[in-house]
Amino acid sequence: MKLRMIHNEERGTLITFCGLDGSGKTTQINRLMSYLREKGYDVFITKQPTEFVRKSEIFRNYMDTDNHNNFDYRALSLLCAADRVQHSNRIIAEKLKEGYIVISDRYFYSCLANLKARGYENDMWIYDIAQFIPMPDFSFFMDIEVETAIKRVRSRINEKERFIDIPLQYKLREQYIKICNENSGILISSTEDEFKCFNKIKLYVDTIL
């Protein structure tokens, strides 16, 4: 089901990246940021959900442990959705008005993917909320095999022992691909060399620059 978002009619450009942890989002965001700044564009980098949610007890519970008995995931999803509405309309929208190229590490699509991957297929409220979110000019979905993504995460010094819900990662990957196809996203296979990945991304971005 397609999300109905607000069309971006501002001077700025909104580019989003979604995908599994370890799919190469940060690498490609940094490459794109450097490329655009070298060409003289004003670039604003941001992330969703914001630190307000990331540091909350309910968010950390789902990220760091396998015991979620004290929390309801729908409650977390609503919190994340509210955070994205606030952030999109008070931070991102303002930067777009100022003419920035805004690059967001994750976006509303991630909220939807997580909700569906956890079994909340019939929750329609998230589609209602999407109507208050700016639509990206380009929404890139970084796709990679789950095993490779986990290996990359484990290679990070501070995340070697991090809890990862492995069965969930397979469901998330499936949902990201589905959401990408339903919402005119751009699927980028990050199993390829990172330079080849970036060249594909650059070709799309160059079409509006």
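Visitor: What should I know before I start?
Guide: The model is predicted, so local features need pLDDT of at least 70 and side-chain atom pairs count only at pLDDT 80 or more, while totals for chains, interfaces and linings use all residues. Residues are numbered from 1 along each chain as its sequence is written, and side-chain values use heavy atoms, leaving out hydrogens and water.

Visitor: What is the strand order of the open sheet?
Guide: The five strands have the order 2-3-1-4-5, with parallel pairing. Strands here are DSSP runs (E, at least two residues), as helices are (H or I, at least four), numbered from the N terminus; two strands pair if DSSP finds at least two bridges between them.

Visitor: Which are the edge strands?
Guide: They are strand 2 (43-47) and strand 5 (186-189), each pairing on one side only.

Visitor: How many bridges join strand 1 and strand 3?
Guide: Strand 1 (residues 13-19) and strand 3 (residues 101-105) pair over five bridges. Among the residues involved, Leu-14 has Val-102 in strand 3 as its bridge partner.

Visitor: Now the helices: at what angle do helix 7 and helix 8 cross?
Guide: The axes of helix 7 (residues 146-154) and helix 8 (residues 166-182) cross at roughly 125° and come within 10 Å. Axes are lines fitted to C-alpha atoms, for helices over the stretch in contact, and angles run from 0 to 180 degrees between N-to-C directions.

Visitor: Which residues of helix 7 meet helix 8?
Guide: Val-146, Glu-147 and Ile-150 meet Ile-166, Gln-169, Tyr-170 and Arg-173 of helix 8, where contact means heavy atoms within 4.5 Å.
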